[in-house]
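Okay, thanks for making time, everyone.

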Amino acid sequence: MRQCNDVGTLFNSEFAAQPDEQTLMALDHKLAQVEQTIAKAMVVADASQSEPLKSAALQCIEQLSVLQSEWTNLATVSTTLAKLSEQPLSKQGSRLISLWLLQRDLVSSPRAQKAAELLSYAELSYQQTLQRLDKKLRLPERCTTGVPAELLAQWRLADQFELPLRGVPVARYLASGSPDECRRMAWVALASKGMPDNMVQLDMMLGQRHALARLQGAAHWADLQLRTQLLNEVELVNRYLQRSFQPRAKTAADQQRASDWLWRASTTQSMALAPVDESIAARQVLASVFAALGDFGLRFELAADIRDSWHPAVESYHVYSGDNLLGTLMLDLFARPAKSAKPRHRPLQHGISDRQPAISAVITSLPSQEWHGRERRVLYQQLGAALQHLFARADYYGLSGGSVEGDFSRLGMTLLPILMQAHDPWLAAQQTSDRKLAKQYFRAATALAYHQLENANFASLQQVNQYYFSRYFGLPMPDEFTPQYALSTLVSDGALYYQRLWYPQFAAWLMTCDGVSRAALLSHLFGPAGQQSALTTIKRVCPATGSLAELVTQVASVQRFQ
């Protein structure tokens, strides 16, 4: 990985004695070189068949990730940033500096830097505790009723029935004919398996997050996280969750009559109504996607001039919007030995206004011949993320690649599957179960509430749980229910879990808007990355959009996709 060595000393050079806009651009470019080299190394680590090359890529990622996290501590860089924050800059330059100050704790006090360091340790400790947990639930003999014999043989140990507290075994148990009280015990135990192991770690993490937020001038961690989001206030998120759930409240009330609805593994959707999942030839799916996107002004041309890739199976396409070259899309879609099974979009090069097109890579491990519905959906999601990246343009690398506002940055992953519904009957027939939605609403509301508490403790967390459990599940909460100790999303999403609900509904609402042609829709949504607020971008697509509060009401009233 020669490129890794080339960028290793990027920030050792001196910057201008009196930094200006050009200095900011140079610093932005240097950081982009690090990020893009990491992205290219990740592609090699995911998809290369050469073990030595994979090993070198992983070393490169580790080396540059350290540089990426510590570049602001270098004397020349920190001095330059302090001076830049006091200089008159362009609108985009000022926005980039403000985002760096907020998101990367730049030019912050030593106390804030120490708090950020302690927080990273607390988050890591919470995750490590979860990974080490390998618990089993010992159930009484009456709970073996209705359990298939082959499962009983796996779960019996020394005449004791012990259910492994992992997703698949518990799901299989919930689908059995065991008594309601037994299924309830299994469901609660799985959701609460981090108790008491993670109590100290969670208290430390929530406490450090609150302390760091206060040092950064925020009321609490939820306030700090929401500052760079489209829904930038706690009240707006709560308004969205409440109004979005209202149409489902009657369903939740009806489910109370079946007291065990929550403890069952079966979905509420009738199997008789389930869509037939017919496989479609892989090449036919790709042709269908390209044709559907052609209705939105996009054109894909096989790029015969690009031969330098990480594997011979990679196909490259030049992507045009009208006559304008957006960039290059590199597709590595089919499974092969030693290739990562996880689907990924890698932004290899950001598009910069009037300077360079974008390069996006989509890496999946799909079958080479035919794809079923779930496999097609994987392609739509990753390709949607790549399209958003290809469209994005800004003067700065740190603002390109996708909209800055978090509620907008992964919109492409949700929007393309919606566009493909007209071409994919299986996708159009998919429905999210009421139980899954109830769980998502509960997690979103509690995660937001946890991160507003000044002193996190068991009693206050349980009060939050009880309130939202009653609202979203319509059932009395089991006393032993403590999901906050077993949720990895509390580290990865924090107070922003609500976005998992917001994205599908927001994308569905966008498709109901009038006022912009299909040919201009994607360019209006994704093109001006970081150059204006997300609300301004939305108003270009939906001119009738009013305030943020009105937008929340409109989105919440739309039937969600999946």
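So, which residues does phenylalanine 506 touch, leaving out those up to four places away in sequence? Phe506 touches Leu230, Asp407, Phe408, Leu411, Ile538 and Val555, where contact means heavy atoms within 4.5 Å.

Quick housekeeping. This is a predicted model, so local features need pLDDT of at least 70 and side-chain atom pairs count only at pLDDT 80 or more, while totals for chains, interfaces and linings use all residues. Residues are numbered from 1 along each chain as its sequence is written, and side-chain values use heavy atoms, with hydrogens and water left out.

On confidence: pLDDT is the predictor's confidence in each residue, from 0 to 100. The chain averages 88, and 94% of its residues reach 70 or more. The stretch to watch is 267-272, where pLDDT is below 50; it has eight contacts in the model beyond near neighbours in sequence. Where pLDDT is low, predicted coordinates should not be read in detail.

Back to Phe506. It is among the residues with the most contacts inside the largest nonpolar core, along with Tyr173, Leu230, Leu241 and Trp509, and that core has 134 residues. By nonpolar core I mean buried Ala, Val, Leu, Ile, Met, Phe, Trp, Tyr and Cys residues joined through side-chain atoms within 4.5 Å. Buried is under 20% relative accessible area, exposed is over 50%, and partly exposed is in between, with a 1.4 Å probe and protein chains only. Helix α18, residues 434-450, gives the most to this core, with 10 residues. Helices (H or I, at least four residues) and strands (E, at least two) are DSSP runs, numbered from the N terminus. There's also a second, separate core of 31 residues, including Phe15 and Trp100.

Next, the sheet. Five strands make an open sheet in the order β5-β6-β7-β9-β8, with mixed pairing; two strands pair if DSSP finds at least two bridges between them. β5 (298-302) and β8 (344-349) stand at the edges with a single partner each, so one side of each has no neighbour in the sheet. β8 and β9 (residues 358-366) run antiparallel, joined by five bridges, and proline 347 stands opposite serine 360 in β9.

What lies across it? Helix α13 (residues 282-294) lies across β5, β6 and β7, at about 160° to β7. Helix α14 (residues 373-391) lies across β5, β6, β7, β8 and β9, at about 170° to β9. For those angles, axes are lines fitted to C-alpha atoms, for helices over the stretch in contact, and angles run from 0 to 180 degrees between N-to-C directions.

Last topic: charges. A search of the whole structure finds 18 salt bridges, meaning a side-chain nitrogen of Lys or Arg within 4 Å of a carboxyl oxygen of Asp or Glu. Glutamate 162 pairs with arginine 138, closest N and O atoms 2.6 Å apart. Glu162 is in strand β3 and Arg138 in strand β1, so the pair ties together parts 24 residues apart in sequence. Buried or exposed? Glutamate 162 is buried, at 13% relative accessible area, whereas arginine 138 counts as exposed, at 52%.

Arginine 183 and aspartate 180 also form a salt bridge, 2.8 Å from N to O. They sit three residues apart in helix α9, about one helical turn. Arginine 183 is buried, at 2%, and aspartate 180 is partly exposed, at 36%. Finally, Asp46, Arg344 and Arg346 are linked in a salt-bridge network.
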